[in-house]
Amino acid sequence: MNELASLGFILLFALFAGHVGKLLRIPEVTGYIGAGIVVGPYVFGWISHDNLETLAVFSEVALGLILFSIGSVFEFGRMRATGGTIAVITLIESGLAATLVTGGMLIAGQSWAVALLLGAIAIETAAASTLMVMRECNSQGPLTETLTGVIGINNVLCLLAFSLVAAGLQLTGGLVDPSDWYALYSAIYPLVWQIAGSLALGFLVGVLLALWSKHVVEKGETLILLTGCVLLCVGVSHVLGLSPLIASLGVGATMVNLSAESRRLFQALGQTDPPLYAIFFVIAGADLNIKLLTTIGVLGAIYVAGRLGGKLAGPWLATRKTNLPQAVRKSLGLAMLSQAGLAIGLTITIGHRFPEIAPVVNTIVLASVVIFELIGPLSAKMALARSGEIRAQPPLTDHSF
Amino acid sequence: MKADIPVRQRYIAILCVVALVILVAGVLLRPTKIPVPVRSESEIYRLQLLAEQRDLQNTRLFFEGKARDLVAKSQAARATPDKFPFRSPATGEYMLLVSAQESGQPVWAVTAAAGVVKTRCEDRELEEVGTTISIPASLSNAVAFNLDGDVAGLVVACGDKRIVTTPDGLRQASRKTIRDLLVECCGLKFAVARDAAEIIEVGEDSRLKKAGVRPGDRVIALNGQPIRADSDLEPLLGGGEIQLSIDRPRKVRPRTLKVPAIEAPK
C-alpha cells in the first residue's frame, strides 16, 4: 500500500475503531492503539514497516502538539498555587517506581547498569495517551489538573534521571577513562545539553509564538502559526540533538505565561488536531510488537510489577497530607500507568550508548510498553470516572456555514 | 485579563539572550571527537563475540522468515514448485532448501550454489546444482529457492544421497528411456557391457522370446551393427524384421536369430 492510501486507511480504520471503543465503553485511544496493532506489520501487515517509517513524521508533529498542550499547565499563577504539591507527587511516584524496578532487578541478579537504566525508564508516564483520555472524557476537576501537571514534570524528570544514570554509568563503569578530561566532558555534555538546550529552544519558540499571536486574528492563520512553531521546534530539536518533548513542553509553558491569546490558541488546536492524533495512536499501535509479550519472562514481570507498585502507591503516599479529595488521592496513580513514547525513544539511545546491555533492557521495556499502552488508557478512564470528573461533550458550535 | 498583567519586557529580552547564548554555546561546545571507551582486550573480544552472535542470530531469523513466507505463499496459492518462476542459480548464490512439515512449519537449510554439472543417478542423467552442504533426509522433497523467491532447483534422491537438480533436468530425466520402452513392449531387461547387451529377462509373449532369445544370451550385433549403447537396441521397438547375432554361454560360435516382423493388423 502506498503512503497516501495507508494514511487514508489509518484514518478510516481509526474512526471505526473509535466507534467500536465507544460501544465497548473503552477509551478511543485504546481503540486506536488496538486498531494499529491489528493493521500493523506484526499482525495483518496491511501497514508495512516502510509505511510506518514514512508516516513517522506525523507522529513527531502530533507528539509535539500534545506536549505543547501539556505545557499550558505551567502557568505561573497555577504553579504558585499547586506547583509544590505537583512537584512532591511527581518526585515520590517517580522515585518509588524507579526504586522498586531497580531493586527488583538487582534481586533478580541483574547488573547495576541494567537495573538503574530500567529504573530510570520506569519513571515515564505517557503524556499523549493520558492527555487524550482526559480530552475524550472532557474531564475537569482537581484530578485532571493535578494529573496534567504531574505528567508534564514526570517526562522532564524521566529524561533527567536517564541522562544522569547514563552519564554515571559511563563514568563509573570503566567505559570512560577518568583521567581523560575530553571523554569525561563527552559523557556529561548530553546531560546538560538535553535539558538546558531543550528548555532554551522551547522558550525562544514560545516567545516567537506569543509575540506573533497578538497580530493573528483568523482561526486559519492561528493554526498556521501554531503548527509552524511546533514543527520548527521539533525539527530544530532533531538538528541540534535536543529533546523535542521537552522543547515542545517549553513552547507551551512560555506561550501560556506570555500571551493573552493562549486560550484562543489552545482552543483552535483542540478543534483541528483529532485526525493527527488518530494517526499518531494508530501508528503507535502498529509499532507495538505484540509478539514480544511472549518474551517478557521473569525480568519483564518484575519490571511491570515494580512500575505498577510505584505508580499506584507513590501518588497515594504523596497525597496523604494534601487537601486533595479522597477520590482524587485514590485514583491519581491509576491514571498514570500508560507508558510509550519517551520510553521507546530511550531504548534507541541505550542501543547506541550501551550496546552490550541493550538486548536485555530493550526487550523488557518494549514488551512491557505493549502491556502498559493497552491497560494505561483504560485505567486512566476508570480513574477519571471514579473521581467524578467526566463531563458530557459540549455540542459543536463552530459551524462552517 | 492576561493583557493587563504587566509583562516585564526587559526580563523577557534578557531571558531570550540567555536562551540564545545557551543554544549557541551548546552547539559550539559539542564534543566533536567520539571518545574511544576504555576497554580491556578481553572486553573487546567479548563484545566482538556478542556482535557476531547477534549477526548470526539475525541471519538465522532472516532465513527462517523467508522459509516461512515461501511455505505460506505456496500453501495459500496451493502452488506446486512449477508454478513459481524458475531461475538457474549462479555460482555462489544463496539457495534456501525448504520443505513443509504436516503442521505447516518449514524445515529449511541454507546452501550456496556451486555450479551446474551433469551427473548420473542410477539409470538417469540429471543436471546437478552443486551445494556446499550435504542435504539431510528431512529435506528429501524440498524445493530450492533463491532469495528472490524463484525456484532454483528441486531436491531428489540420488543413490543414498540427495542432490539439487534443475526442474528442466528433472523433466528431461523423467522422459521414458529406451530401456523403459523395451520393458514395456517386450519385457526385455538387459545390461550393456563389453560391446554387447546381456539379456537379463525377456517377456514370455514377446516376439524375441518366440524367436529364441533367452536370459543369459549376449546380443553382439543387431542387423549387423555392434551394440555399444542402449540406443543401439532402438530397432527392437519398431515392427520390422531384425537379425540378432547372439553369443550364448557354452556355445563356441555365435548364432544368428531372425526376429520376424510384426504382422500388420488386417
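Me: Is C233(A) buried or exposed, judging by its relative accessibility?
Reply: This is a predicted model: local features need pLDDT of at least 70, side-chain atom pairs count only at pLDDT 80 or more, and totals for chains, interfaces and linings use all residues. Residues are numbered from 1 along each chain as its sequence is written, chains are lettered from A and ligands numbered from 1 in the order written, and side-chain values use heavy atoms, without hydrogens or water. Buried means under 20% relative accessible area, exposed over 50%, partly exposed in between (1.4 Å probe, protein chains only). C233(A) has 1% relative accessibility, so C233(A) counts as buried.

Me: Which residue forms a disulfide with C185(B)?
Reply: A disulfide is a pair of cysteine sulfur atoms within 2.5 Å. The rule gives one disulfide over all chains. At a sulfur separation of 2.3 Å, the partner of C185(B) is C186(B).

Me: Is the link of C185(B) and C186(B) left-handed or right-handed?
Reply: Look at the angle about the S-S bond. The angle is -65 degrees, and the link of C185(B) and C186(B) is left-handed.

Me: What is the relative accessibility of C186(B)?
Reply: C185(B) is partly exposed, with a relative accessible area of 43%. C186(B) counts as buried, because its relative accessibility is 7%.

Me: How far from C229(A) is the nearest cysteine sulfur?
Reply: C229(A) is in no disulfide. The nearest cysteine sulfur belongs to C233(A), and the distance is 8.8 Å.
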